[in-house]
Amino acid sequence: MEHKTKTAFPQDFLWGAASAAYQVEGAWNEDGKGPSVWDNFVRIPGTTYKGSNGDIAVDHYHRYKEDVSLMAEQGLKTYRFSIAWSRIFPTGNGEINEKGLEFYDKLIDELLSYNIEPMITLYHWDIPQALMDQYNGWESRQIIEDFNNYARVLFERYGDRVKYWISLNEQNYFVSYGYETALHPPGVKDRKRMYEVNHIANLANATVIKSFRELVPNGKIGPSFAYKPYYPIDSNPENILAFENSEDLNNYFWMDIYAWGQYPITAWKYLKEQNLTPTIHDGDLELLRSAKPDFMGVNYYRTTTVEKNPLAGGVDIGVKNTTGKKGSGSQSGVPGMFKTTSNPHVETTNWDWDIDPQGLRIGLRRIATRYQLPVLITENGLGEFDKLEEGDIINDDYRIEYLKSHIQSIQDAISDGVDVLGYCAWSFTDLLSWLNGYQKRYGFVYVDRDEDSAKDLRRIKKKSFDWYKHVIETNGESL
């Protein structure tokens with residue numbers, strides 16, 4: 001749809017940026033914090049780029065005031081951050097660590113002092129290691145109770161000051177990377193266990209949403225889904241079917257549960273044929289249907305193009321590019337369902353991710369039409385090799401162009417009728433990119449460190465910092 005005049009961004013649009021505790025905080029064992037699975041996983045040789053870890057990360061734990069001051073200078077309306085579960089419950093359950101709660105009290109109050117809306121993510125992949133040791137974490141239904149108890153503590157502590165909450169970050173990634181590709185902890189390759197874990201995570205998500213309704217009745221909560229809209233490579237009906245398969249199995253399988261509490265028919269039939277269906281207990285589906293979110297959180301970075309993949313001899317899990325050497329990744333698929341292929345109409349990043357701003361508009365329209373929910377864009381950004389030039393200059397025009405084109409697509413989606421609540425760029429400062437170390441930079445603020453040394457962790461504003469500041473000042477009128 002082309003518009004003679006585009007709809008303006010709403011006056012209360014939440015222009016923001018985002019981060020995650022393990023990727024920015026550091027202080028991994030300070031003030032009573034217990035270890036998370038990532039604190040242990042990164043110590044296994046070969047799991048991360050050059051053995052990089054979040055022990056120090058970018059030291060946000062000690063430098064949060066400096067970081068929030070920079071957020072205020074940029075004019076952020078909201079800052080999305082996650083809480084480290086093992087800072088609050090060092091053993092995952094049991095005794096509460098008051099010093100952990102106090103840190104986030106201070107961060108929230110600092111944000112509010114500058115009129116920046118805090119946005120809390122309950123879970124961004126860093127389950128306490130103690131819960132893995134006690135009962136294998138997300139593989140046990142015990143985690144539903146422990147996660148809900150943890151969430152209720154946060155709702156009661158911060159619910160008077162925090163209006164926007166994210167329940168689970170990228171559930172589709174933490175279950176698939178943890179239990180299918182083994183790229184994330186616990187490093188398992190077992191699709192049956194993956195789907196069992198995923199169903200339990202769905203139940204945990206629904207349970208905390210119900211607690212939220214009780215404890216923070218005036219707030220808004222939703223999951224944050226890593227959304228890759230799919231395209232067929234062409235109009236061949238077999239490739240159209242592969243596209244439908246990939247949407248069902250990789251997108252609707254999660255979003256249908258969030259919005260409606262039910263699994264897609266064809267994806268479920270596929271799981272049954274492969275003996276992969278999770279265990280459904282009496283009352284499970286009723287619980288899932290009772291916990292509709294207030295919005296669909298979307299982490300958008302790319303689209304993916306697919307084609308037919310035969311059941312016999314078809315392509316399976318491919319190789320992920322974690323080095324930034326363009327072309328080092330390989331295609332992947334699910335035999336009998338789909339396989340990925342290159343899209344000749346888009347460019348790619350050095351990490352082989354399709355750069356497709358129009359795909360964001362397409363995805364937002366699909367969500368709005370299918371689910372009739374507002375959308376909150378909880379992540380979108382470009383990870384690249386930034387160069388610190390003489391005079392503390394970082395000319396990241398490529399990031400400006402990426403963000404500009406995606407924000408334009410958001411305005412196009414709004415003009416199409418989609419209700420978009422806000423936009424959180426990933427990320428505010430540079431941070432640890434889970435598997436890719438510190439070389440893959442996303443921030444508006446450069447942090448002077450690398451995989452070999454924390455150096456001085458100096459904060460340096462990039463060219464994109466001032467560009468985004470102007471975007472916010474003009475409420476998106478001037479890009």
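Predicted model: local features only at pLDDT ≥ 70, side-chain atom pairs only at ≥ 80, totals over all residues.

Biologist: Which strand is serine 82 found in?

Modeller: Strand β2, residues 78–82.

Biologist: Is serine 82 buried or exposed?

Modeller: Buried. Its relative accessible area is 1%, and the cut-off for buried is under 20%.

Biologist: What lies 2.7 Å from a polar atom of the serine 82 side chain?

Modeller: The backbone nitrogen of alanine 21. Alanine 21 is also among the residues that serine 82 touches.

Biologist: Switching to helices. At what angle do α7 and α9 pack?

Modeller: About 30 degrees, with the axes 9 Å apart. Helix α7 covers residues 142–158 and helix α9 covers 191–215. So α7 is roughly parallel to α9, as angles under 35 degrees count that way.

Biologist: And what is the handedness of the crossing?

Modeller: Right-handed, as α7 passes α9.

Biologist: Which residues meet there?

Modeller: From α7, they are Ile143, Ile144, Phe147, Asn148, Ala151, Arg152, Phe155 and Glu156. From α9, they are Ile200, Leu203, Ala204, Thr207, Val208, Ser211, Phe212, Glu214 and Leu215.

Biologist: How does the contact of α7 with α9 split by class?

Modeller: It has 11 nonpolar, three polar and three charged residues.

Biologist: Where is serine 427 found?

Modeller: In the loop between β14 (420–426) and β15 (445–447).

Biologist: What about phi? Which residue has a positive phi of about 55 degrees although it is not a glycine?

Modeller: Glutamine 372. Its place is the loop between α13 (357–371) and β13 (375–379).

Biologist: Does glutamine 372 count as buried or exposed?

Modeller: Exposed, at 64% relative accessibility. The cut-off for exposed is over 50%. Lysine 455 also has a positive phi, near 50 degrees, and is a residue other than glycine.

Biologist: Where is lysine 455 found?

Modeller: In the loop between β15 and β16 (459–461).

Methods:
Residues numbered from 1 in each chain as written. Heavy atoms only, no water. Axes fitted to C-alpha atoms, helices over the stretch in contact; angles between N-to-C directions. Helix = DSSP H or I, 4+ residues; strand = E, 2+ residues; numbered from the N terminus. Parallel < 35°, antiparallel > 145°, perpendicular 65-115°, else oblique. Left-handed = near helix turned anticlockwise from the far one by under 90°. Contact = heavy atoms within 4.5 Å. Nonpolar A, V, L, I, M, F, W, Y, C, P; charged D, E, K, R; others polar. Buried < 20%, exposed > 50% of the residue type's maximum accessible area, 1.4 Å probe, protein only. Polar contact = N/O pair within 3.5 Å; in protein donor to acceptor, adjacent residues only side chain to side chain. Lists of a residue's contacts leave out its neighbours within four places in sequence.
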